[in-house]
There are 2 protein chains.
Amino acid sequence: MSPIAPSSGISRRVLLSTLVLLPALCGLLRPASAPAQTSSGLLPSWSDGPAKQAIFDFVRVTTDRSVPSYVSPEDRIAVFDQDGTLWVEHPMYTQVVYCLERVPAVVAKRPELKNVEPFKTVLSGNREAMAKLSLRDLEKILAATLTGMTVEEFNAEAKKWLETARDPRWKRPYTELVYQPMLEALRYLRDNAYKTYIVTGGGQDFVRVYAEKVYGIPPEQVVGTAGGTKFGYAKDGMPFLTKDAKLLLNDNNAGKPEGIHLMIGRRPLAAFGNSTGDRQMLEWTGAGAGARLKMLVLHDDAAREYAYGPAQGLPDSKVGTFTQALYDEAEKDGWTVISMKNDWKRIFAFEQ
Amino acid sequence: MSPIAPSSGISRRVLLSTLVLLPALCGLLRPASAPAQTSSGLLPSWSDGPAKQAIFDFVRVTTDRSVPSYVSPEDRIAVFDQDGTLWVEHPMYTQVVYCLERVPAVVAKRPELKNVEPFKTVLSGNREAMAKLSLRDLEKILAATLTGMTVEEFNAEAKKWLETARDPRWKRPYTELVYQPMLEALRYLRDNAYKTYIVTGGGQDFVRVYAEKVYGIPPEQVVGTAGGTKFGYAKDGMPFLTKDAKLLLNDNNAGKPEGIHLMIGRRPLAAFGNSTGDRQMLEWTGAGAGARLKMLVLHDDAAREYAYGPAQGLPDSKVGTFTQALYDEAEKDGWTVISMKNDWKRIFAFEQ
């Protein structure tokens, strides 16, 4: 109904702030992988401190049958934001990079778009002009690159791009830019019978393409911003589903608890985020009875990753905004802020 | 956006065809339970024959590593329609009975509805007048009884009703009117690493209330017709979700494969249904490569349950319509029709 493309969190500011676009396409996908846990300790990439301790404490009090806060295994649900919580979001959401880089292929199939804005500008490669694209222009780009194809075609296109695209700073596949400590937290929770979900403002179909390989999270446990599909039949009678532009779920802000209710149907016990877009998800998680874990990743490590956000007196990065108000709420309500700089010994698997 | 109440498959004909309403409220819930499998054989309530054999053959060829049709456990998805496939749907969908029986409680809280149609007519108990209610009237009843409350309030109300309501024919809780052979099929598939889902035209939130207890299917594996929710804060700052009347997913007909894509994100290998509303789900399931199981329950047992449907030359029951065209498609495409009369030794757990 609402002709909004099935992506989110995107604004003109995102594009304005980020003109390190279009990294060279080359090479093969090497997904990040977590080393097996050793006897030397759980969560090995976490420094000893309150963040690591909060995870241990939470798991202990929800899995120990002798305490009142014990939770039966079928009720153990943990939710994770993706961009900025599980992988790098700065300076631009990976899915937005994908959409911009898909424009030449879309225009090759639909040559009538070649001289039509905003496609003409994206094809020109003129960054100054691209920076002036309106939000409506960006929506047109998202609609053209994320809808109108069958679900299988989309999956194949996204998979191929992920195998070849490279982040301009690390010169690695985007799927290697996942945070090793969070992979360990995901695994540790699953080892304790937690069902782990991604609850992302990004496109549900996009994240589902790689979530199982990269995070060990199957497609059905990825909740994201979702558009509709349309069932139809090919000439030979074979049924197919086409991705359309109707927005069913804008999985940001209040949309996160709403999406959790729609897709999971019960309140999580643990929630991890990194921005104001995750606030309602953490509040909803925290409002349940018993032990709850609410954690926020603070991007305060300019050397190893990035540092950004008003809560640190830094400029608003336009992605993953961590406001002072969010920081204050975390302090007041006992949420744990994870300092990338201090709480994580290692950021990426490829660092060692 | 579309102000349609989050239920489905309901039409004026449903109401017209069924005036055995409002069974007495008494007693306690005794959920149907399946006996443990014994060495005497798997699927004990199934008669030997093509239907039972089709299930065995499918499981064998998808779980035997030595054959090309082997499927790795994480890809094993099986989907089940609910009304008429897992439990009794005739003469009226249980959820519609729920909505009608909830009207007095809704009016008690909102007395201004007492003299307003269609509530006045439902309160009167005048069945002839109720039979004349329009589809728009029924939508008002669904909206009033399924929306406007918090998700916790709805869950508590539905749970309480299920504990006390009785089916007028068997004088038992509706949750005992589940088909024992299908409980065995669910368990057998799960024992072979299949993840079992309900994909129902009924309300997702309604079915989630009892699916785990009755079918062993957790809330997150129930896909159904779904309305939106609205996140908000109480005066004390506590967040809550209110069920609203916006229809997000009409999980019938083409909506079933669309719902499967939205909520599961991959194509099932096995699908069970009983009506034209399940046709596209079975087609979508069958269109994948490799071994597939497509089964349709035929209600042909007037003595032990009900017999209805044009495919048997019987009147259209208005619920779970099984047309001749569906029967022909099943024959042509190798779907298996389950005869309740011939393929099921026992219908309900309480029969023995």
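Before the details, a word on conventions: residues are numbered from 1 along each chain as its sequence is written, and chains are lettered from A, with ligands numbered from 1, in the order in which they are written. Since the model is predicted, local features need pLDDT of at least 70, side-chain atom pairs count only at pLDDT 80 or more, and totals for chains, interfaces and linings use all residues, while side-chain values use heavy atoms, with hydrogens and water left out.

Let me begin with chain A as a whole, which has 13 helices and 7 strands, where helices (H or I, at least four residues) and strands (E, at least two) are DSSP runs numbered from the N terminus. Of its 352 residues, 59% are buried, and by buried I mean under 20% relative accessible area, with exposed over 50% and partly exposed in between, using a 1.4 Å probe and protein chains only. If we take contacts, meaning heavy atoms within 4.5 Å, between residues at least 6 apart in sequence, 70% of those in chain A join residues at least 24 apart.

Turning to helices, α3 of chain A covers residues 94-109 and spans 23 Å from first to last C-alpha, close to the expected 22 Å, which is 1.5 Å times one less than the number of residues. Where does α3(A) kink? The kink, of about 40°, lies at Val103(A), shortly before Pro104(A), the bend being the angle between axes fitted to the seven residues ending there and the seven starting there. This helix is mostly covered, with 12 of its 16 residues buried, including Tyr98(A), Cys99(A) and Val103(A) itself.

In chain B, helix α6 (residues 135-146) reaches 16 Å, close to the 16 Å expected, and its buried residues include Leu138(B), Ile141(B) and Leu142(B). Just after α6(B), Gly148(B) takes a positive phi of about 95°.

Finally, two loop residues. Glu89(B), in the loop between β1 and α3 of chain B, is buried at 1% relative accessible area. Among the residues Glu89(B) touches are Tyr179(B), His299(B) and Tyr308(B), and its side chain makes a polar contact of 2.9 Å with that of Asn274(B); such a contact is a pair of N or O atoms within 3.5 Å, where, within protein, one must be able to donate a hydrogen and the other to accept it, and residues adjacent in sequence count only if both atoms are side-chain atoms.

Arg266(A), in the loop between α10 and β5 of chain A, is buried at 13%. Which side chains does the side chain of Arg266(A) meet in polar contacts? One is Asp75(A), at 2.8 Å, and another is Glu220(B), at 3.0 Å, in the other chain. Arg266(A) also touches Pro218(B) and Pro219(B), among others.

Conventions: Lists of a residue's contacts leave out its neighbours within four places in sequence.
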